[in-house]
Amino acid sequence: MTVSLKSYRTALVTLVAIASMVACLVFTVARLLDVENDLRSEDTHTNLWQITQTQFEASLLAESLARAAAHETFADPEQAPDFRIAILVSRLAVLLEGPQARLVEHFGHLGDLKRSYLQLTLAEPLMQGPLDPAFALQLRAQTRGLAQELRDIANKVMILNREQGALKRSMYLRVVFESLAFVIGIVVSAAFLLLRLFKGVHEATQARRLLRQEQELSDLVINNISNQGIIIFDEQLSCLLWNPGMETMLGLNADNTVGHRLQALAPIFEKTEVAQALTEAIRGTSAILEDVGLSPQGQARCLEINCFPLHIAERRLGIAFIRDITEQWEARKQAERQNFDLEIKVQQRTAALQQAERRLIAAIETAPDGFAAFDWTGRLLFANEQIRSAEPVTVWCAEDMTLATFLRCFAMCEGADERLLTHDDTFVDIELDLLIREGSWAHLSVTTVDGGTIFVRLTDISGYKQAAQALQSALDRERETTGAYRNFVSMVSHQFRTPLAILDSSAQRILRRGESLTQDELVVRVQRIRSATKRLTRLVESVLNAAKLDAGRIELNPASCNLVDLVWDICERQRELSSHAEIRFDAPETAVQVYCDSILIEQVVINLLTNAIKYSGETPVVEVRIWMDGSRAYCSVRDWGIGIPADEVSRIFERFYRARTATGIAGTGIGLNFAQKIMHLHGGEIQVESYEAAGSLFTFDLPMSNVDQSQQAA
Amino acid sequence: MRGYVLIILTLLGLTCGAPAGAAEPLPMPKGRVILTITGAIAQMNAPGEARFDREMIEALGAASITTSSAWTDGVQLFEGVPLKAVLDRVGAAGTSMTASALNEYEIVIPFEDLKFSPLLAMKADGRVLTIRDKGPLWIVYPRDDYEELRDNRYESRWVWQLNRLHVE
């Protein structure tokens with residue numbers, strides 16, 4: 001690109017130089033032609049000559065007339081006035097015509113000359129005959145006057161000539177200088193062109209020299225490369241160059257190859273692809289190919305042929321470099337064979353792996369457990385159908401399942417914890433039992449293995465959980481039973497022993513005293529026996545009630561009844577039984593209708609009331625209250641007795657359980673348990689509030705019934 | 001030099017193998033002599049001279065040139081005899097001729113000028129030329145036909161009042 005630009009500029013400069021030279025030449029020639037034209041039209045001298053000739057003729061005529069006036073005879077007719085006047089008239093006529101006339105006019109003499117011409121013309125016929133001397137003298141004087149006038153004109157013309165000459169000289173001088181300048185221009189342009197020519201010739205010589213050196217160098221290189229064959233060929237694929245490398249390779253030397261067609265020289269060039277590559281190189285396309293054949297020694301070998309286009313001196317040639325690459329070729333073949341074996345092995349291994357993977361996936365798919373795998377970024381890698389159909393997943397993240405969304409699905413299940421929501425990169429393994437839906441439990445196991453892959457396993461453990469719950473409840477019941485029986489044994493050993501001891505001692509006394517026993521004493525003893533028996537009977541009833549309750553044989557027969565009346569009756573009866581106790585009663589004036597089994601509720605109230613009296617020492621004070629709150633009726637029994645220790649408040653409704661403050665006071669530990677169970681059957685509950693040595697407050701509630709319900713119940 | 005030789009040879013050839021007219025002896029002039037040719041000529045009708053009257057010249061042929069001149073304004077029709085015809089008639093053998101006029105004007109005219117076919121004009125615009133009208137013979141060149149003739153050297157050869165030719 002720069003080279004072409006440079007050459008373009010050089011050509012332009014040369015053109016400009018040539019153009020300026022031509023222009024200078026043209027201007028010079030034009031100026032010189034101007035001068036030439038001026039010189040050609042230069043005829044003022046001729047005019048002057050014409051005038052002087054005319055003046056001379058006028059003088060001759062005057063002389064001739066003078067001689068004629070003196071009657072002189074003319075030997076030569078050319079000296080006679082008639083001849084001379086004709087000559088003069090012809091001369092004068094020239095001055096009155098053309099450029100001469102304009103010159104004379106310039107000096108203002110044209111009129112005078114025309115008048116003289118007229119006079120001479122008039123006088124001319126008179127010259128034929130003998131001339132009157134007076135007329136001749138008169139004409140002579142006129143002719144002399146003409147001559148003098150002509151002399152004056154000649155003087156003026158001469159002066160004009162000199163002026164014009166001076167002007168012309170200066171003009172010529174200017175032309176000379178201009179021409180000189182143009183000549184200098186020509187010389188400069190020519191010098192420049194010569195310089196260019198010289199430089200061009202010099203450069204051409206230099207280039208030729210470089211070319212020759214390069215040629216020598218390339219010849220040297222080509223002829224001394226013995227391990228690489230080089231050939232140059234023309235369009236007919238005739239060999240132009242055959243280097244010694246080719247000789248060692250194909251066994252032919254340059255003398256019997258150069259000038260021959262390549263196909264005729266060696267079988268390698270007859271091959272279609274080789275011949276095509278050589279032809280393509282001539283057309284301008286490089287090519288590289290390998291040819292496997294036999295060496296002159298008959299061994300297998302591989303030749304690499306590089307074909308390139310070559311442009312030398314406007315000719316389209318091709319050059320080919322031929323190299324023996326047998327060693328590389330064999331090594332490559334070896335490598336290819338090994339590669340092929342390796343590929344086969346890889347394929348076998350891959351197939352085995354794929355089979356194992358398919359088996360694994362099939363196993364996972366058919367496994368009862370849900371299974372999913374995520375990569376370390378939390379992207380889902382795999383999830384089987386079981387995990388996809390798990391309820392939280394189908395509801396919350398069926399479409400876009402990532403580890404975070406997946407774990408969040410389970411966050412709202414029972415048993416979940418915050419680890420499911422605060423999942424981050426520093427992931428810790430999670431093991432959770434989750435209640436997926438009512439009655440369906442699953443074990444969620446999230447584990448990170450090497451490489452960051454996170455496996456999630458979701459196992460259905462509903463059956464296990466149900467079994468565990470059943471076992472637990474069975475165990476609880478067993479424990480409860482065991483405890484109950486332990487309590488029962490304890491209670492029996494305490495509560496049954498005392499009346500039995502009374503019975504035994506009374507019986508012994510009666511037996512020992514025998515006859516000596518008085519009637520009163522006997523009555524006392526028998527009374528004691530009966531009292532103890534009554535007590536035993538109560539104990540047995542209590543135990544039976546409890547047994548009935550356990551066996552589920554207590555039936556609930558609810559009906560509407562007035563709680564105030566019910567409780568009031570019980571209080572009244574109790575006052576009679578326990579005359580030493582003060583029972584306060586506080587209830588609304590109006591009836592409080594509740595929906596209950598009044599016989600069972602009576603048992604509850606009696607139990608609470610007797611307990612309050614029993615655990616209040618010598619002077620029991622008991623307060624019974626009834627009130628309503630919303631749709632429920634409440635009844636409370638308060639005492640200010642021994643109370644229950646705070647750590648035992650929660651256990652007092654257990655069967656056969658008795659607080660330690662109750663030691664020494666008769667009781668089975670069944671009553672409160674029985675009462676609580678009755679309240680549970682009614683959908684209510686006994687609440688307790690108690691402080692040791694300060695008293696207790698027992699409250700139970702019942703649903704209120706309206707009139708319709710009471711009517712229905714009735 | 002070679003050109004001159006060629007012309008001489010040509011002229012010699014013309015002289016030797018001359019037409020019948022050239023071989024005929026020149027008759028004596030009957031009227032007033034208006035042109036005298038001297039020098040290297042073959043035909044003479046006086047000692048060393050060939051003399052021509054108007055009638056003899058007119059008999060040598062007729063030609064005309066329409067041209068302008070350096071001496072007059074405008075174009076004129078000149079009629080007369082070709083100069084070459086006159087020279088052929090006298091068998092002129094030379095390279096140049098000296099033309100003289102009644103007004104003593106003299107100039108050398110080379111024979112090369114014959115290629116322009118100059119005319120010995122005797123009439124201008126149909127009017128017979130007299131001495132006062134630059135007659136009776138006027139050498140006229142076809143000035144308008146040849147650019148090179150518009151030159152002072154050729155203008156000087158327009159000899160009027162011609163009366164003598166000396167061939168050399």
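Helix α4 of chain B has Leu83(B), Lys84(B), Val86(B), Leu87(B), Asp88(B), Arg89(B) and Val90(B) as its buried residues, where buried means 20 or more other C-beta atoms within 10 Å of a residue's own, exposed means 12 or fewer, partly exposed lies in between, and C-beta atoms are placed from the backbone. That is seven of the eight residues in the helix (83-90), so α4 of chain B is largely enclosed by the rest of the structure. The model is a predicted one, with local features needing pLDDT of at least 70 and side-chain atom pairs counted only at pLDDT 80 or more, while totals for chains, interfaces and linings use all residues. Residues are numbered from 1 along each chain as its sequence is written, and chains are lettered from A and ligands numbered from 1 in the order in which they are written.

Chain B as a whole comes to five helices and ten strands; these are DSSP runs numbered from the N terminus (helices H or I, at least four residues; strands E, at least two). Of its 168 residues, 35% are buried.

Now for the sheet. Five strands of chain B form an open sheet in the order β2-β1-β10-β5-β6, with mixed pairing; strands count as paired if DSSP finds at least two bridges between them. At the edges stand β2 (49-53) and β6 (106-110) of chain B, each with a single partner strand, so one side of each is left without a neighbour in the sheet. Inside this arrangement, β5 (residues 96-101) and β10 (residues 162-167) of chain B run antiparallel and are joined by five bridges. Ala99(B) sits opposite Leu165(B) of β10(B).

As for the nonpolar cores (buried Ala, Val, Leu, Ile, Met, Phe, Trp, Tyr and Cys residues joined through C-beta atoms within 7 Å), the largest has 69 residues, and Leu120(B), Ala121(B), Ile139(B), Val140(B) and Leu162(B) have the most contacts inside it. Its largest share, eight residues, comes from helix α3 (residues 81-95) of chain A. Beyond its neighbours within four places in sequence, Leu120(B) touches residues including Ile57(B), Leu83(B), Val86(B) and Ile139(B), a contact being two C-beta atoms, placed from the backbone, within 7 Å. A second, separate core has 41 residues, among them Cys596(A), Ala612(A), Ile670(A) and Leu702(A).
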